[in-house]
Amino acid sequence: MLLLAASPAPAAARRGMVGGSAPRVRCSSLRELERSPSPRPGAGLPPLREAKRVVLVRHGQSTWNAEGRIQGSSDISVLTPKGESQAETSRLMLLSDSFDACFTSPLARSRRTAEIIWADRGEDLIPDSDLREIDLYSFQGLLKHEGKERYGVLYRQWQKNAANFSIDGHYPVRELWDRAQNCWERILAHEGKSVLVVAHNAVNQALVATLLGLGTEYFRVLLQSNCGASVLDFTPQTGGGPPAVCLNRLNQTPNSPVASGSSGGRKTSKRIILVCQGATQNSTEISLGGVGYAPLNMLGIIQAQKTAELLLDQKVNGILCSPQVAAVDTATTICEVQEAADCLGADCVPRYVDMKKLLELEIDDAFRIKQKSFGEIVQSGWLGSMEHRTLEGLWNQSKGAWQALLDELADDTSAERTLVVVGHPGVHLALICQCLDLTMDYMSCFHLDDGSVSVIDFPDGPKGRGVVRCTNYTAHLGRWSIPITRTTETDEEF
């Protein structure tokens, strides 16, 4: 990111939050500080009487984003012209959604984004101070290079070990996780079935993570870009108890998710792009999509072509796909477009792309037997049906597949390597869970559509932790895309 020269920010901004003074959070013991949320999706959420959808949006680019200045919960920066344009694009992206309410951070950059998206809807915005950005105390207002120069080891800890980072007597990420949990209680208590939340990078990460029961160690793992939208669905459980939760999509941005070479401000040279195969005839008949020998239908052919166009400017080093027909056809389309990408002039040299079939990416035909979702199969229990045992087999198979992908990503001496992986949505759900070091039960907490794209970056290389840049991105499909949100007036089950 370009660091522009700017005068030092006021001391109140460096110290503080809204109004210049930081709220104090008291912890009864060190053990309380070290405790992470229970790793269970939806744990602690109040019961719901009906389904609910929540859409999280990060604010547009701010003046301090552009300067490379640490914002935290200070309230000095405002949207840049680019940020205003991003917010307008988000407004159009969400125009058809019948939102019942909009919660927003009180900070100017977030509130202005909310005002643009909310436009002339009649209901008032609902400000919530717990939706403000992470409190970074003495770091706030500093250019990033100033933080590095002034604080040295402390700044490196913030970059490398944020979950345990402490400054001015506070643990910012741990405080943020507590705030996010409190926010969910108020958001879910609202009677609306479709709720918009406009806030910030770190707090939106915390909202997604706490909802899934993930601790502070997942900070900076679930990316939130300027005006990126994340969709979360809540389904009531029979007999009461916390609702089932599903991350329908993560960080759908106004621009292409594969355009940038950085993740959360960190340069990345290793990337895995998960491409869900195009639709087949089976996709329209059963909930788990087309498998086996089913070829792409006309929609699937269009989806494959659109995905190939999305990846046109990416220099793909290799493509791995399931040996099943729909995956091979999708991968072949991507490969052909990649190899022709540099042949637009007279003196062209075709680009060679290595394409391989990987048996571990197969999905069992047993999933075609009954129309059951992964959530229903998981809930059947370890001693349950044949579908559950088959799902367990898929999960065990995905461990080998994920390791094979990491080995393939590492097996190259070049500085940059992009690997495209094509398969059934069910296989990719398992791979995302493997990336995040989750259990099989979490497969029902994510959703992927035919033709969708999910991006995982490795800023520390294949041996480091993967950063999920986006999941279930479908905007590239154009008129055939899956809307970010759907109206809730006639769609009771979303």
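These are my notebook entries on a predicted model of one protein chain.

**Ground rules.** I number residues from 1 along each chain as its sequence is written, and I leave out hydrogens and water, using heavy atoms for side-chain values. Because the model is predicted, local features need pLDDT of at least 70 and side-chain atom pairs count only at pLDDT 80 or more, while totals for chains, interfaces and linings use all residues.

**Whole chain.** I looked up the secondary structure and found 14 helices and 14 strands. Both are DSSP runs numbered from the N terminus: helices are H or I with at least four residues, strands are E with at least two. The chain has 494 residues, and 55% of them are buried. Buried means under 20% relative accessible area, exposed means over 50%, and partly exposed is in between (1.4 Å probe, protein chains only). The chain exposes about 21,000 Å², and carbon and sulfur atoms supply 50% of that. Such areas come from the Shrake-Rupley method with a 1.4 Å probe; for residues, only the protein chains shown count as cover. Then I checked contacts, meaning heavy atoms within 4.5 Å. Of those with a separation of 6 or more, 74% join residues 24 or more positions apart.

**Leu48.** I found Leu48 in the loop between α2 (30-34) and β1 (52-58). Leu48 counts as buried because its relative accessibility is 14%. Which residues does Leu48 touch, not counting those up to four places away in sequence? They are Leu188, Phe234, Pro236 and Pro243. I also compared Leu48 with Gln237: they are 189 residues apart in sequence, yet 7.8 Å apart in space, C-alpha to C-alpha.

**Tyr137.** This residue sits in the loop between β3 and α6 (144-151). Tyr137 has 2% relative accessibility, so it counts as buried. Tyr137 and His170 are 33 residues apart in sequence and 8.6 Å apart in space, C-alpha to C-alpha.

**Positive phi.** I looked for positive phi in residues other than glycine. Asp168 has a phi of about 55 degrees. Asp168 lies in the loop between α7 (153-160) and α8 (172-189). Asp168 is partly exposed because its relative accessibility is 42%. Asn472 has a phi near 60 degrees. Asn472 is in strand β14 (residues 467-473). Is Asn472 buried or exposed? At 0% relative accessibility, Asn472 is buried.

**Salt bridges.** Side chains of opposite charge can pair when their charged atoms come close. I count a salt bridge when a side-chain nitrogen of Lys or Arg is within 4 Å of a carboxyl oxygen of Asp or Glu. The structure holds 17 of them. One joins Glu115 and Arg111, with the closest N and O atoms 3.6 Å apart. Both residues lie in helix α5, four residues apart, about one turn of the helix. Glu115 is partly exposed at 34%, and Arg111 is partly exposed at 31%. Asp135 and Arg132 meet in another salt bridge at 2.9 Å, N to O. Both Asp135 and Arg132 are buried. Arg417 and Glu408 also pair, at 3.4 Å, N to O. Arg417 is buried at 6%, and Glu408 is buried at 14%. Bridges with shared partners link Asp128, Asp130, Arg132, Asp135, Arg179 and Arg186 into one network.
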